[in-house]
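I opened my notebook to get to know a new protein, one look-up at a time.

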Amino acid sequence: MIRVLLIALCAAAAHADCSVDKTQDGQLVKLPGDAAVYLVLDGCRRHIPNPATYNSLFKTWDCIQETTLSGLICTCDAVTNGAILVKTASSATVYLLSNLKKRPIANPETFNAFCFDWPKIQTMNELTLSFIPTGSLIKI
């Protein structure tokens, strides 16, 4: 119990100079002069590992905002290399498949606010998708 508390305190101290800001969710950001692109999700910056992953999720590179303020948002787990958007043939629910979880996207407004790209949604077998753990809802 004490060890868990110490780990939590150390993690909090490591992010003392940043903030979790859910009002920024859905933004794609980068720092000026830095090639790294981040998706803000759950109030955290999540690194998008490469152009192929970016291109499999988002409409255009014009969605990215260059801002120094993005450096103030805490960094969390990166988006998985090869992350994709998926759904089944029998359901309208779209999921972000990343970090060994499928995260449902709440509605078309959220999907569009995140600059996700409708034509990039892949259809997955229902049984296969059912074996992937479900993560928290993505919602603006």
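Below are my entries, going from the whole chain to single residues.

**Entry: ground rules**

I am working with a predicted model, in which local features need pLDDT of at least 70, side-chain atom pairs count only at pLDDT 80 or more, and totals for chains, interfaces and linings use all residues. Residues are numbered from 1 along each chain as its sequence is written, and side-chain values use heavy atoms, with hydrogens and water left out.

**Entry: the whole chain**

I looked up the elements and found four helices and eight strands. Here helices (H or I, at least four residues) and strands (E, at least two) are DSSP runs, numbered from the N terminus. Read from the N terminus, the order is α-β-β-β-α-β-β-β-β-α-β-α.

Next came burial, where buried means under 20% relative accessible area, exposed over 50%, and partly exposed in between (1.4 Å probe, protein chains only). Of the 140 residues in the protein, 39% are buried. The protein exposes about 8000 Å², and carbon and sulfur atoms supply 61% of that area. Such accessible areas come from the Shrake-Rupley method with a 1.4 Å probe, and for residues only the protein chains shown count as cover.

I also checked contacts, meaning heavy atoms within 4.5 Å. Among those between residues at least 6 apart in sequence, 64% join residues at least 24 apart.

How many of the residues of strand E6 are buried? I found that five of its five residues, 94-98, are. On one side sit Val94, Leu96 and Ser98, on the other Tyr95 and Leu97, and both faces are covered.

I then looked at pairing, which requires that DSSP finds at least two bridges between two strands. E5 and E6 run antiparallel and are joined by three bridges, with a hairpin of six residues between them. Leu85 stands opposite Leu96 in E6. On to strand E7 (residues 101-105): E6 pairs with E7 in the antiparallel sense over five bridges. Tyr95 stands opposite Pro104 in E7. The hairpin of E6 and E7 has two residues between the strands, and Asn99 takes a positive phi near 55° there.

**Entry: disulfides**

I searched for disulfides, counting a pair of cysteine sulfur atoms within 2.5 Å, and the count came to two.

Cys44 and Cys76 form one of them, with sulfur atoms 2.2 Å apart. This pair links distant parts of the chain, 32 residues apart: Cys44 is in strand E3 (residues 44-48), and Cys76 is in the loop between strand E4 (64-66) and strand E5 (84-87). Cys44 is buried at 6% relative accessibility, whereas Cys76 is partly exposed at 28%.

Cys63 and Cys115 form a disulfide too, their sulfur atoms being 1.7 Å apart. Cys63 lies in the loop between helix H2 (51-57) and E4, and Cys115 in the loop between helix H3 (108-113) and strand E8 (121-123), so the pair ties together parts 52 residues apart in sequence. I noted Cys63 as buried with 16% relative accessible area, and Cys115 as buried with 11%.

**Entry: salt bridges**

Side chains of opposite charge can pair when their charged atoms come close. I counted a salt bridge when a side-chain nitrogen of Lys or Arg is within 4 Å of a carboxyl oxygen of Asp or Glu. The structure holds four of these.

Which residues are linked with Asp42 in a network of salt bridges? I found Arg46 and Arg103. Arg46 meets Asp42 at 3.2 Å, N to O, and Arg103 meets Asp42 at 2.8 Å. Arg103 in strand E7 and Asp42 in the loop between strand E2 (37-41) and E3 are 61 residues apart. Arg46 is buried at 14% relative accessible area, and Arg103 is buried at 10%.

Asp117 forms a salt bridge with Lys120, the closest N and O atoms being 3.4 Å apart. Asp117 is buried at 15%, while Lys120 is partly exposed at 24%.

**Entry: Lys30**

Is Lys30 buried or exposed? With 17% relative accessibility, Lys30 counts as buried. A polar atom of the Lys30 side chain lies 2.8 Å from the backbone oxygen of Asp34. Leaving out residues up to four places away in sequence, Lys30 touches Ala35, Ala36, Val37, Ile64, Gln65, Glu66, Thr67 and Ser70.

Definitions and conventions
Polar contact = N/O pair within 3.5 Å; in protein donor to acceptor, adjacent residues only side chain to side chain.
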